[in-house]
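Here's a structure to talk through, one question at a time.

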Amino acid sequence: MPTASTAPQQRSLVPRRRSLVLPLAVLAVLVATLGVLCISLLSAARAYVGGESRWSRSQKAAAQHLLHYAESRQPQDWALYRAAIAVPLGDRQAREELDKPQPDLARVRAGFLAGANHPDDVPGMIRLYRWFGQMPFMQRAIATWAAGDVEIAALIDTAEAMHRAVEARADAAALLPLREQVRQIDARLTPLEAEFSATLGTAARFAHDLLVITVLLGAASLAGMTALVMQRAMRRDLNQAQALHDSEARFQRAMVGSSDGFWEWDIGRHRAYYSPRFETLLGLAPGTLPPQPDAARALLHPDDTAAARAALSAHLRQGQPYDITLRLRGADGQWRWVRSRAQVQQGPTADDLRLAGSIVDITERRQAELALRESETLFRSLWETTNDAVLIIGLDDLVRFANPAAHELFGHAPGTLQGQPLTVVQPQRMRAGHVAGVARYMRDGSRHLDWRGTEIMALHAQGHEFPMEIRFAQFELGGEPQFVGFLRDITQRKQAEQALHDARDQLEARVQARTRELSDANRRLLELDRLKSQFLATMSHELRTPLNSILGFTGILRRGMSGPLNAEQQRQLGFVHDSGKHLLALINDLLDLSRIESGRMEVARERFDFAEVAAEAAAQLRPTATGKALVLDVDVPAGLLLLGDRRKVYQVLLNLLGNAIKFTAQGRVAVTAQVAQAAQAAQADAGRLQVQVADTGIGIAPEHLSVLFEAFHQVDGSLGRNHEGTGLGLYLCRKLLELMGGDIGVSSQPGVGSTFRFSLPLEPVLPAEETQR
Amino acid sequence: MSTHVLLVDDNELNRHLACFLLEEAGLRVTTASNGPAALAAARASRPDLVLMDIRMPVMDGYEATRLLKADPALGDVPVAALSAHALPHEKALALQCGCIAHIEKPIDVETFVDQVRALLPPAP
């Protein structure tokens, strides 16, 4: 807005006028003064001319009256002479008085008045004489005048002489010289008069010429001066008009080209002007707003009214700039944010007060500002409330920003970290690495730290170091690379990790100790096992050695190889032999069990026919059965081929069959066997061999069935005395069958009999193995 | 000349029992009570069969068998272990040392002689 330029122009109007008028006035006064002076001079000169005329006429008249008087001798002629001669005498008195250095102006005036001059001419005559008396033309006139006065004095002397002669009644002849004398004086005066008149005429013409020249010069000067002043004034006006035009044009161009809307409020006349842009800015058609201040005021947002009024008041009263942001309602009813600026302008008169201003639509900027402020608020709240410490470091290693959490983290007073060097939070020993890392990063962008999170040591304000986790990123701020670091105190985590680590170490140590203990125990157990095995082997050997003698020599004796024995001897030796056999069986069973439980029992893989095994076992025990009058039935079909440990299968069957015979007093013992197809056809095996050993013996009580296959259990200890057994047989059977993938079970009815059943997998017979056979 | 069996056993009763049975069966039996003695006896009079006990003082049967088998003059004399070591690994070890069979003690009086005869090499 062109605001400040017009007021000085208005203020400069008065001096300009003065500069225009004053020279003209001075010149006019000067010209007028000159004119008046010249006119006064001219009139004074004319008065002298008139005076000279009267002087000449009076002198001539005096001479004539004197001549008349000489002839007539009449007093009235004398009186006429006296009256006529008074005029030159008055002039003479004035002249002589004026020639004095200190003239008595009253005498001068009286002299001139006596010279029959007009009273009004007297001051001018005095001025002319005094001012121009030394001028040549006046000098000549005065000299002439003075010469005339000498002749007049001679005339007066002659007159006096004549008058005395007349008085004395002298004769005419006596008067003749005097009369001649008068005529001569008159004759001398005549050229003097002519000269006087001529000099006065010259003076008058000079005065006239002077007047004309002066007036002409004054008029010319006045005209020239006026022309000059007028020209200057006109040029200035022209410049002003041009400037105004230019200013107006610029203003118009500015208004058209500017995004600003302009307004002006003539406070004194209560009128307003709104530029078209002002209106279009609000979505109004140009010319819509009436030229009244209220037109814009009505569009102002109610919440902004007070602020606008206060700003205006401050501007008008204290001269503070009027520049505020407010809302105006647009044509569409939406509020537009505008920046409103105004400047008051004082016109030339006190009541010419204008307020000129502009508005610019900042709705978008305002919205952007609001969005920015919201974003700023959001990020500031994050910045200030996050537990993570945030540091922003420039390339100069100065802390540019640090949030409250950062101050807390490093133990510094709030707001003190900003501008500090990084070394206040960085231990000296990490300095070189940091500098090298930053330099490397700036050189080729490679990071030696993982930006996602690295653990480093930090320096606390109290001097101690603590571990922290840092994640950082690089960004640009004002064209300068910045590093933003997110930091977290991980002291507790470190301690927890250390504790965990320690606990793990302790646990590991304990595990190792336990492992060592277990290993030792295992070694001891292995040693024990070895010792046990050695013991068993030794025991076996040591027990067998005497048994060799016992069984061997009783055998020799019973066979009569050492001489005949009677029946009783034979029977008793049988007891010894049976006891030895039983002892041997016990030893063998114990050895087998020991080997099974230590996992050293091996299972042979050989092909055999169960029917053969059954026949063999039956043959082995048939004498015993027959001895007890028992029927021993073996109903086993031939061709039940098994792939396995033949000796163990035999051992199991022999054991079961032996038990059956042992616990059966009368009746029968039967062995049956068949192949049971697998329940699930999908099974690849060839089914299972099912073997039953049934007897008609004493049977087993139900409560004993569950422990029947456990070690060292013999059913009903009371019966044990009658039925010798190791108590290991059934347990050994179960173990052997389990080794071979089989199982065993029993069903029994006390007093009726028992049936033991076992099953074994039938191995599929391969053609190759078939042919080997 | 009858078949000559060298019976090696440190136990006098065992030697007595076996000698009785073998001699009853018509075999000539010489005895030794430990390994070195057995080697000396075999070298002195080459037997047709050696019945070697395993557990013996001075030198056990395994070692004696190896030495016997290592002797060029006696390498082809069959040796059978005759031992109360009834455990399978003991039997296996005996076979490894060069024994052709293992007869378990206590011996079965009724079958012992047949077992021994079965081990004798066929008469030249």
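**Sheets, helices and a chain contact**

Q: What is the bridge partner of A:Val746 in β17(A)?
A: A:Val746 is bridged to A:Phe756 of β17(A). That pair belongs to a run of seven bridges joining β16(A) to strand β17 (residues 753–761) of chain A, and the two run antiparallel.

Q: What makes β16(A) and β17(A) count as paired strands?
A: The cut-off is at least two bridges. β16(A) and β17(A) have seven, so they pair.

Q: Which sheet do they sit in, and which strands are at the edges?
A: It's an open sheet of five strands in chain A, ordered β12-β14-β15-β17-β16, with mixed pairing. β12 and β16 (743–749) of chain A are the edge strands, each pairing on one side only. On average, neighbouring strands here are turned by 15° against each other, ignoring direction.

Q: Which helix touches β12, β14 and β15 of chain A, and what angle does it make with β12(A)?
A: That's helix α16 (residues 610–627) of chain A, at about 175° to the direction of β12(A).

Q: Why are β7 and β8 of chain A said to stand at the edges?
A: They belong to another open sheet of five strands in chain A, in the order β7-β6-β10-β9-β8, with antiparallel pairing. β7 (399–402) and β8 (454–459) of chain A each have a single partner strand, so one side of each has no neighbour in the sheet.

Q: Why is α2(B) called roughly parallel to α3(B)?
A: Helix α2 (residues 35–44) and helix α3 (residues 61–70) of chain B pack at about 25°, with their axes 9 Å apart. The limit is 35 degrees, so α2(B) is roughly parallel to α3(B). Their crossing is right-handed. The α2(B) side has B:Gly35, B:Ala38, B:Leu39 and B:Ala42, meeting B:Glu63, B:Ala64, B:Leu67 and B:Leu68 in α3(B). That's six nonpolar, one polar and one charged residues.

Q: How many residues do the two chains bring to their contact?
A: 17 residues of chain A are in contact with 16 of chain B. α14(A) gives the largest share of chain A's side, 13 residues.

Q: What is the mean pLDDT of chain A in this predicted model?
A: The mean pLDDT of chain A is 82, with 91% of its residues at 70 or more. Over residues 1–13 of chain A, though, the pLDDT is below 50.

Technical notes. Residues are numbered from 1 along each chain as its sequence is written. Chains are lettered from A and ligands numbered from 1 in the order in which they are written. This is a predicted model: local features need pLDDT of at least 70, side-chain atom pairs count only at pLDDT 80 or more; totals for chains, interfaces and linings use all residues. pLDDT is the predictor's confidence in each residue, from 0 to 100. Two residues are in contact if their C-beta atoms, placed from the backbone, lie within 7 Å. Axes are lines fitted to C-alpha atoms, for helices over the stretch in contact, and angles run from 0 to 180 degrees between N-to-C directions. Helices (H or I, at least four residues) and strands (E, at least two) are DSSP runs, numbered from the N terminus. Angles under 35 degrees count as roughly parallel, over 145 as roughly antiparallel, 65 to 115 as roughly perpendicular and the rest as oblique. A crossing is left-handed if the near helix is turned anticlockwise from the far one by less than a right angle, and right-handed if clockwise. Ala, Val, Leu, Ile, Met, Phe, Trp, Tyr, Cys and Pro count as nonpolar, Asp, Glu, Lys and Arg as charged, and the others, Gly among them, as polar.
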